[in-house]
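Reader: Hello! I'd like to learn how to read a protein model. Could you walk me through this one?

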Amino acid sequence: MHFVYYICNMIQEGNPFKLRAYTIPNLFCDREDEVKLLSSYAKNGVDITLFSLRRMGKTGLIQHFFNQLKAKNKQKTIYVDIYDTQNITAFTNRLATAILQEFPEEQSIGKRFFKLLKSFSPTISFDQFTGVPEVSLTFHSDQQQQHTLKSLLFFLEKQNEQVIIAIDEFQQIANYPEKNVEAILRTIVQQLNNVNFIFSGSHKHLLIEMFNSTKRPFFSSTTPMYLDKINEEAYQNFIVRLFGEQKKKIEEDAVSFILKWTKRHTYYTQALCNKVYQISDKKIDLETVYLACDRILDEQEVVFYQYRKLLTAGQWNLLIAIAKDDVVFQPTGAAFVGKYNLGNPTSVRRSLKSLVDKEMVIHEIDKNGNNYYEVYNCFLSRWLARKL
Ligand SMILES: Nc1ncnc2c1ncn2[C@@H]1O[C@H](COP(=O)(O)OP(=O)(O)OP(=O)(O)O)[C@@H](O)[C@H]1O
Ligand SMILES: [Mg+2]
């Protein structure tokens with residue numbers, strides 16, 4: 001255990017700013033308060049809905065949290081990503097696969113699970129590259145399907161340890177053709193005492209509707225947790241440390257500029273730091289960061305021009321105007337519409353709705369209850385504001 005922990009915290013060679021999935025604790029910034037909160041919810045058997053803007057770090061946080069639980073060896077954890085599942089059968093298969101992967105057949109719990117699984121006559125295939133098993137079940141009736149899903153979750157319920165299941169991209173179940181999935185799941189979840197859930201996703205409106213509408217089965221059944229930006233000082237120290245560990249010294253104003261330019265949005269901050277790392281030598285100053293920003297915008301330009309083709313002239317002009325103001329509180333107000341010559345406020349309102357629906361623009365409400373709008377993709381926002 002100590003050896004594993006040591007390995008996990010060793011300084012790694014190469015670019016430390018990862019752009020894909022969660023890797024090791026040493027390359028993961030902060031989120032200590034969030035982990036404490038998640039631990040306390042888990043201890044108290046509270047189910048959670050975790051939501052945030054896209055790419056803010058929900059999946060990373062879940063994996064970081066699960067890693068810590070695994071190290072303590074108190075609770076069992078199961079992570080299920082249902083992003084690409086199209087129906088409840090695929091959901092059930094994904095869950096069975098996740099349980100099988102978590103409890104390999106060599107463990108006694110794994111043996112018991114395998115016995116249960118066999119009773120459903122599964123097809124088990126192995127990924128040709130990773131060797132990881134994948135379960136595929138066939139159902140002949142809805143009843144059989146629901147019974148299997150219930151059996152899988154009740155299997156976990158009967159283990160001696162608490163089990164925490166994270167279902168990532170949970171809003172996907174709203175797209176399944178079966179209309180009663182929420183009700184089926186809710187009925188099962190309600191009967192479990194030893195299994196707790198983290199339902200996670202980026203479609204804030206869909207999730208809020210699912211968990212806060214009196215008409216929906218999951219109404220008021222979970223505690224919402226909004227994942228905000230990483231604390232500024234923590235992110236600054238993290239960036240300085242990660243460059244420092246690779247013998248690169250970054251100046252203070254360069255770090256401040258990175259966090260300002262990326263609006264401290266996790267993915268964009270990681271991506272800019274990754275680029276700064278790529279192009280820098282031992283000393284990193286503001287000029288190096290400016291160059292990295294230019295490189296990123298140049299690389300993305302071809303994609304940004306594609307967006308232009310997908311939007312009407314009115315939508316495109318509004319997007320530019322929002323990017324130029326960075327944060328806009330009254331996009332249909334006379335001052336903003338006049339400043340950017342956007343024309344008729346009614347058509348601006350229509351364009352705005354369309355940009356929000358397409359997830360090109362974020363519509364958020366600040367702590368004082370004011371509505372505001374920003375271009376969702378931070379790099380696109382910087383490009384629009386600069387280039388046009
Ligand atoms: N605390 C962190 N420290 C460093 N990097 C992080 C942290 N959290 C997330 N990241 C990185 O930021 C990026 C986005 O994180 P992640 O995929 O977890 O976000 P998400 O909210 O799950 O995104 P999506 O909405 O697309 O599912 C990834 O590259 C991830 O490695
Ligand atoms: Mg995610």
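Predicted model: local features only at pLDDT ≥ 70, side-chain atom pairs only at ≥ 80, totals over all residues.

Reader: Next, the nonpolar core. Which residues have the most contacts inside the largest one?

Author: The general idea comes first. In soluble globular proteins, nonpolar side chains tend to be buried together. Here, the largest nonpolar core has 43 residues, and I239, L272, L318, L319 and I322 have the most contacts inside it. Among the elements that give two or more residues to this core are α9 (232-245), α10 (252-261), α13 (313-325) and β11 (371-375). Another core, of 41 residues, lies apart from it and includes F66, L100, V135 and I165.

Reader: What is I239 in contact with, leaving aside neighbours within four places in sequence?

Author: With those neighbours set aside, I239 is in contact with I250, V255, I258 and C273.

Reader: And at what angle do the axes of α9 and α10 cross?

Author: Two packed helices are described by the angle between their axes and the distance between the axes. In this model, the axes of α9 and α10 cross at roughly 125° and come within 10 Å. That angle makes α9 oblique to α10. The crossing in which α9 passes α10 is right-handed.

Reader: Which residues in α9 and α10 meet there?

Author: From α9, E232, Y235, Q236, I239 and V240 meet V255, I258 and L259 in α10.

Terms used
Residues numbered from 1 in each chain as written. Chains lettered and ligands numbered in written order. Core = buried A, V, L, I, M, F, W, Y, C linked by C-beta atoms within 7 Å. Buried ≥ 20, exposed ≤ 12 C-beta atoms within 10 Å, placed from the backbone. Helix = DSSP H or I, 4+ residues; strand = E, 2+ residues; numbered from the N terminus. Contact = placed C-beta atoms within 7 Å. Axes fitted to C-alpha atoms, helices over the stretch in contact; angles between N-to-C directions. Parallel < 35°, antiparallel > 145°, perpendicular 65-115°, else oblique. Left-handed = near helix turned anticlockwise from the far one by under 90°.
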